[in-house]
Amino acid sequence: KQNAVADREGLVRITDLKVLEELKRNNVLLKLPDTVRVDPRLEQSWRWVLPRVHVFLEDLGVSFINEFGRFLQINSAVRTVERQLELKLFDKNLNAAPVHGEKKSSHLTGATIDFAKMGFSQRELNWIRQELLRFEDRDLIKATEETTQLCFHVMVFQTYLGESQVSKKP
């Protein structure tokens, strides 16, 4: 579903650092918001997302802070084809999707993030699952709960911007 949405929305698969830098420079990609914690192991180059994901993380991050008094942690955001291949071939990341075909990684578009679920209480896990299902039911995101990497993999659709509380602020 994620690749079908990416194709329908005309999202670009980011091939290399040159393309990534151009997208950042043109504000096609935005830095991850301050409403989430970023895993310190995630290099600065990979801390970028599409504006819709930025808004989603502002909304979800603030809600999580208000509910639990702490930040959600982002483990992964944008990737280039080169970076995806490194993860798959050299880092032996079993969750790393291919760069071609029906199951290619949606991280290549900047529309997808992974956030940690490690250290969540049962109440926090239930809350985040309910929130993600609520957004999925309205066809605003596609979320997968990973078990190998202990994270939630979430692609945010273009339709999310119209639902955001942040985007409705005067």
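Modeller: Let us start with a term: two strands count as paired if DSSP finds at least two bridges between them. Please keep in mind that this is a predicted model. With that term in hand, S6 and S7 can be read as a hairpin with five residues between them. Leu-150, in the turn, has a positive phi of about 50°.

Colleague: In which sense do S6 and S7 run, and how many bridges join them?

Modeller: Strands of a sheet pair through backbone hydrogen bonds, and the pairing is either parallel or antiparallel. Here, strand S6 (residues 141-145) and S7 run antiparallel and are joined by five bridges. Within this pairing, Thr-144 stands opposite His-153 of S7. S7 has a further partner, strand S5 (residues 112-116), again in the antiparallel sense and over five bridges. There, Ile-113 has Val-154 of S7 as its bridge partner.

Colleague: What is the order of the strands in the open sheet?

Modeller: The sheet has five strands in the order S2-S4-S5-S7-S6, and its pairing is mixed. At its edges are strand S2 (37-38) and S6, each of which pairs on one side only.

Colleague: How should I see where this sheet belongs in the whole chain?

Modeller: The protein chain has five helices and seven strands. Read from the N terminus, the elements follow the pattern α-α-β-β-β-α-β-α-β-α-β-β. Among contacts with a separation of 6 or more, 66% are made by residues 24 or more positions apart.

Colleague: Which residues of S7 are buried on each of its faces?

Modeller: In a regular strand the side chains alternate between the two faces of the sheet. In S7, Cys-151, His-153 and Met-155 are buried on one side, and Phe-152, Val-154 and Val-156 are buried on the other. Six of the six residues of S7 are buried, so the strand is largely enclosed by the rest of the structure. As for the chain as a whole, 50% of its 170 residues count as buried.

Colleague: How should I describe two aromatic rings that lie beside one another?

Modeller: A pair of aromatic rings is described by the distance of the centres and the angle of the planes. This structure holds eight aromatic pairs. In one of them, the rings of Phe-135 and Tyr-160 have centres 5.6 Å apart and planes at 75°, so the pair is edge-to-face. Phe-135 lies in helix H5 (residues 122-137) and Tyr-160 in the segment after strand S7 (151-156), so the pair ties together parts that are 25 residues apart in sequence. Both Phe-135 and Tyr-160 are buried. Elsewhere, Phe-64, Phe-68, Phe-120 and Trp-127 form one aromatic cluster.

Colleague: Which charged residue sits over the ring of Phe-135?

Modeller: The charged end of Arg-134 sits over that ring, 4.7 Å from its centre. Another such case is Lys-117, which lies over the face of Phe-152 at 5.7 Å from the ring centre.

Colleague: Is Asn-27 buried or exposed?

Modeller: Asn-27 is exposed, with a relative accessible area of 53%. Asp-139, at 37% relative accessibility, counts as partly exposed.

Notes:
Residues numbered from 1 in each chain as written. Predicted model: local features only at pLDDT ≥ 70, side-chain atom pairs only at ≥ 80, totals over all residues. Heavy atoms only, no water. Helix = DSSP H or I, 4+ residues; strand = E, 2+ residues; numbered from the N terminus. Buried < 20%, exposed > 50% of the residue type's maximum accessible area, 1.4 Å probe, protein only. Contact = heavy atoms within 4.5 Å. Phe/Tyr/Trp six-rings, centres within 6.5 Å; stacked < 30°, edge-to-face > 60°. Lys NZ or Arg CZ within 6 Å of the ring centre and 35° of its normal.
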